[in-house]
Amino acid sequence: MYPHFGRPGPAIDFLSELLRWWDRWLKGKDTGVEDDPMITAWMLDSAPPNPEYDHRPGHWVGETIWPAPDITFERFTIAEGRNLRPEKKIPSQKEEEVNLDVQSPVTLGLHSGKWCSYANGPDLASDQRADDGGALVFQSDPLTEDMYILGPPEVELELASDCPVAMVAVRLSDMRPDHQVTRITYGMLNLTHRDSREHPEELKPGCFYRVRVPMCYVAQKIPKGHRVRLSISTVYWPLAWTPPASVRLTIRTEKSMLTLPCRTPKVSDEALEFGAPIQSPAPSVTSLAPPAHEWVIHQDLGRQWTELRVTDDRGKMRLDRIDLTVGARAVEIYGARPGDFTSATGETEWYRTLQRDGWLIETRTRTCLTSDQENFYLTAELDAWENGARVRCQSWNETIPRDMV
């Protein structure tokens with residue numbers, strides 16, 4: 001969402017920032033915009049995991065040049081004992097290199113939050129311990145001082161796969177003293193794209209490769225006494241479609257590393273601030289049915305079926321000035337059978353209405369994606385009604401080769 005009404009807060013006076021920029025570059029006015037930092041970011045404080053925050057505490061930080069020259073890169077070696085060891089703490093004796101395997105369940109990722117949810121919560125990642133049970137987990141000792149991360153963390157792995165098509169997902173988390181685990185950021189890589197996205201190549205089973213997995217940019221404080229946690233998995237469903245088959249990755253410790261871009265707080269940060277958010281007056285609206293948003297994970301042990309159901313009900317409202325009643329409701333369902341990588345399904349259904357006295361338009365669309373080891377299967381339906389009479393009905397069925405996906 002836009003920064004003047006997005007959640008979680010703090011929201012800012014984004015419209016005034018736009019005017020300052022346009023006044024300078026379209027009208028030639030001296031607005032001071034050229035003196036602003038090149039990048040300004042909200043440095044998040046640590047918070048317990050919660051899929052729906054109203055506000056995230058933190059503070060503004062600014063950099064006049066990006067990439068910032070004073071960013072330092074803290075490196076952690078993936079060591080034996082599933083430990084993240086700071087690179088500067090070199091052991092007195094060389095430790096034995098250990099190969100560790102990870103083979104994640106098809107449903108790992110149900111606590112990952114939503115991809116592109118348009119701020120219709122609860123859409124954020126929840127406690128990562130639920131997903132970490134199917135991942136390979138490494139964590140640091142408790143930090144001896146606060147750490148401030150600004151930029152894209154990155155993982156470098158030396159790994160081998162037992163399948164020609166595989167993916168790796170990495171998650172960086174803040175492990176709190178009470179052992180709650182809050183995800184900070186994540187990254188994913190289709191390993192057939194390890195050298196080129198334009199020219200992917202299958203993996204040779206059993207052969208070790210060195211790969212880089214960048215994570216999403218983040219500004220995050222990890223307080224003293226907390227731990228840094230890295231989780232590695234072969235699945236991240238439903239943010240990413242599952243591989244064609246269950247994959248086992250072998251990770252070489254001592255040759256794999258986590259790199260964190262760290263920043264030292266600056267006195268100049270204290271002067272950074274934005275005004276309270278403003279926006280134009282909202283149109284006159286009469287609410288006829290309230291919105292409702294749900295995020296439900298359902299496990300049917302008898303059927304051996306796990307399902308994530310996301311409901312985005314926008315409610316129903318009348319736009320008073322034009323006397324138009326508008327309604328919209330979407331349901332997304334992602335399901336899979338544990339152990340069966342060809343069972344994954346993703347389905348989205350939208351229902352929309354427009355109504356005035358004596359006139360009613362209704363549309364329903366449904367899209368469903370399934371796959372086997374060779375192909376994706378996409379089916380779609382469209383129905384439209386006017387005053388209860390169907391005026392359009394159309395369906396599609398497409399088969400799309402997986403092509404190393």
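The following dialogue explains the terms applied to this predicted model.

Modeller: Residues are numbered from 1 along each chain as its sequence is written, and side-chain values use heavy atoms, with hydrogens and water left out. Because the model is predicted, local features need pLDDT of at least 70 and side-chain atom pairs count only at pLDDT 80 or more, while totals for chains, interfaces and linings use all residues.

Colleague: Why is Lys27 said to form a salt bridge with Asp23?

Modeller: A salt bridge is a side-chain nitrogen of Lys or Arg within 4 Å of a carboxyl oxygen of Asp or Glu. The closest N and O atoms of Lys27 and Asp23 are 3.9 Å apart, so the pair meets the definition. Side chains of opposite charge can pair when their charged atoms come close. The structure holds 33 salt bridges.

Colleague: Where do Lys27 and Asp23 lie?

Modeller: Both belong to helix α1 (residues 14-27) and are 4 residues apart, about one turn of the helix. Helices (H or I, at least four residues) and strands (E, at least two) are DSSP runs, numbered from the N terminus.

Colleague: Why is Lys27 called exposed, and why is Asp23 called buried?

Modeller: Buried means under 20% relative accessible area, exposed over 50%, and partly exposed in between (1.4 Å probe, protein chains only). Lys27 has 59% relative accessibility and therefore counts as exposed. Asp23 has 18%, so this residue is buried.

Colleague: What makes Arg194 and Glu201 a salt bridge, and how accessible is Glu201?

Modeller: Their side chains meet at 3.9 Å, N to O. Arg194, at 17% relative accessibility, counts as buried, whereas Glu201, at 46%, counts as partly exposed.

Colleague: What does the salt bridge of Arg366 with Glu381 tie together?

Modeller: The closest N and O atoms of Arg366 and Glu381 are 3.6 Å apart. Arg366 lies in strand β21 (residues 359-371) and Glu381 in strand β22 (residues 375-386), so the pair ties together parts that are 15 residues apart in sequence. Arg366 is buried at 19%, and Glu381 is partly exposed at 29%.

Colleague: What makes a group of residues a nonpolar core?

Modeller: A nonpolar core is a set of buried Ala, Val, Leu, Ile, Met, Phe, Trp, Tyr and Cys residues joined through side-chain atoms within 4.5 Å. The largest nonpolar core has 37 residues, and Leu157 and Leu258 have the most contacts inside it. A second, separate core has 12 residues, including Leu110, Val235, Trp237 and Ala344.

Colleague: Which residues does Leu157 touch?

Modeller: Contact means heavy atoms within 4.5 Å. Not counting residues up to four places away in sequence, those touched by Leu157 include Ile78, Val168, Tyr209 and Ser256.

Colleague: How many nonpolar, polar and charged residues has the lining of the largest pocket?

Modeller: Ala, Val, Leu, Ile, Met, Phe, Trp, Tyr, Cys and Pro count as nonpolar, Asp, Glu, Lys and Arg as charged, and the others, Gly among them, as polar. By these classes, the lining of the largest pocket has 27 nonpolar, 11 polar and 6 charged residues. Strands β1 (39-44), β10 (181-190) and β12 (218-222) each supply at least two residues of this lining.
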